[in-house]
Amino acid sequence: MASKGHQIICIDVDKVKVDQINHASSPIREVDLENLLLTCVNHQANLKAYTDYKRILNSNMTFICVDTLSRSDGGIDLSHVRDSAREIGRVLAKVRSYHLVVVKSTVVPGTTEGTIIPTLEKYSSKKVGRDFGVATNPEFLQEGKALHCFLNPVRIIIGEHDRRAGDILQEIYQDFSAPILRTDIKTAEMIKYAANAFLATRISFINEIGNMCKKLGIDIYEVAKGVGYDPRIGNKFLDAGIGFGGSCLPKDLEALIFRAGELNYTAELLQSVSKMNKEQPLRLVEIARKRLGSLENKVVAILGLAFKPNTDDIRQAPALSIIARLLAEGATVKVYDPKAMPSAKRLLPGHIKFCDSAPDTIAGSDCVLIATEWDEFKDENLYAGKLVIDGRRTLNPEKAKQLCQYEGVCW
Ligand code: UGA
């Protein structure tokens, strides 16, 4: 938004992040983000971060972009959204002109109307629609290419409480060339969940077909290619493997299933998508056990910890459940990831062997499991003579089979 010429005030409760941003250093890794921060913070001087909510007084609209966490029952933990709505409400009490609050955080259908608006009204003693506006504007960014996704959106969804709120939000996007869908608030909230649940469903679907294909001696990647030519289906998100991880797809799927339960509806299809996704990574371990007899005291190398390549994010990464199962079966586990080692060292048990490179990890192992398809794992020569079980179609099966004992999770 700053690169589009707007004056941006960022607010966060975390002073470290605020300081980082003000020094044009990004607290997260995203392609091109640091360069753009540098331009906006230092050269254009139109982006500044603070810890004080009162800074909202100097703005026309506030985007709520805080994280929504997962509760242990799968439901959505709204504490950060509630906290920010309360603080924004307190400042709104002092704002003299019309102010628009935009919910960008991913919240289950009904949350903005049921929780956020009442909180804003309570703490501001003002009325939505009359004294201030509310709209929702779900984000569709993919980690690793978030800036590109933001600047080149495929659609912009505006969920408006009323026309005035929607008009103001739409104006912000006048420089963007994507189709804009204006709708009501809870429809916009559902569009976000339906999109992520559908992507998750495609992945579990192709994994299920893949598991069958493997038994039939059919290559799932050929099948996906053939199926994907149909424009009604398309070829994206049909890469079979060990399933989806990350901070969004698994969490949003569980939250939607939980929301269905609150409505006395059993979301059977989504439940199966989730079950399938929990089991799929463990297939790598099953294959290893079958090939090695038992995993007790076997040395297993895991290549890739991040939930996908080009990120250091290991949240809900399939590698984590693979490691837990291997340890439970008495294996010695060695791990390596090009970017995720710092987060892995913080999160994984200390008796895992953290390695510095792929060759280091592979050396001395009884079996290599590939859990993330990083480019540096794609050289078949790394694996000469080894037992390799590929969870992400990282290697070319034909080439790999000439150099090592190669098996794919579902090919
Ligand atoms: C996902 C969605 O793709 C974004 O549109 C959405 O905005 C975002 O969640 C969000 O809700 O914020 P992201 O979490 O960055 O984005 O991850 P994806 O690129 O969607 O990948 C998710 C997982 O699916 C990864 O573990 C990936 O390896 C796996 N995947 C993806 C497959 O197993 N097969 C595929 O064909 C594609």
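Here are some friendly notes on the chain shown above.

1. **Ground rules.** This is a predicted model, in which local features need pLDDT of at least 70 and side-chain atom pairs count only at pLDDT 80 or more, while totals for chains, interfaces and linings use all residues. Residues are numbered from 1 along each chain as its sequence is written, and side-chain values use heavy atoms, with hydrogens and water left out.

2. **Overall build.** The chain holds 15 helices and 15 strands; helices (H or I, at least four residues) and strands (E, at least two) are DSSP runs, numbered from the N terminus. With a radius of gyration of 24 Å, close to the 22 Å from the globule rule for 411 residues, the chain is as compact as a globular protein of that length. That radius is taken over C-alpha atoms, and the rule is 2.2 Å times the number of residues to the power 0.38. Along the principal axes, the C-alpha atoms fill a box of roughly 70 × 45 × 40 Å.

3. **Burial and surface.** Of the 411 residues, 49% are buried (buried is under 20% relative accessible area, exposed over 50%, partly exposed in between, with a 1.4 Å probe and protein chains only). The accessible surface is about 20,200 Å², and carbon and sulfur atoms own 52% of it; areas come from the Shrake-Rupley method with a 1.4 Å probe, and for residues only the protein chains shown count as cover.

4. **Contacts and charges.** Among contacts (heavy atoms within 4.5 Å) between residues at least 6 apart in sequence, 68% join residues at least 24 apart. The 54 positive and 51 negative charges have mean positions 2 Å apart. Lys and Arg count as positive, Asp and Glu as negative, and His and the chain ends are not counted; each charge is placed at NZ of Lys, CZ of Arg, CG of Asp or CD of Glu.

5. **Strand 6.** Five of the five residues in strand 6 (residues 99-103) are buried. His 99, Val 101 and Val 103 point one way, and Leu 100 and Val 102 the other. In a regular strand, side chains alternate between the two faces of the sheet. Strand 6 runs parallel to strand 3 (residues 61-64) over four bridges, with Phe 63 partnered by Val 102. Strand 6 also pairs in the parallel sense with strand 7 (residues 132-136) over five bridges, including Val 103 with Thr 136. Pairing here requires at least two DSSP bridges between two strands.

6. An open sheet with parallel pairing has the order 12-11-10-13-14-15. Strand 12 (353-354) and strand 15 (405-408) stand at its edges with a single partner strand each, so one side of each is left without a neighbour in the sheet. Five bridges join strand 10 to strand 11 (residues 332-336), and Ala 301 stands opposite Lys 334.

7. **Backbone angles to look at.** Most residues other than glycine have a negative phi. Ser 125, however, has a positive phi of about 55°; Ser 125 sits in the loop between helix 4 (111-124) and strand 7 and is exposed at 67% relative accessibility. Asn 310 has a positive phi near 65°, lies in the loop between strand 10 (299-303) and helix 12 (318-328), and is exposed at 53%.

8. **Glu 113.** This helix 4 residue is partly exposed, at 36% relative accessible area. Leaving aside neighbours within four places in sequence, Glu 113 contacts Pro 118, Ile 185 and Lys 186.
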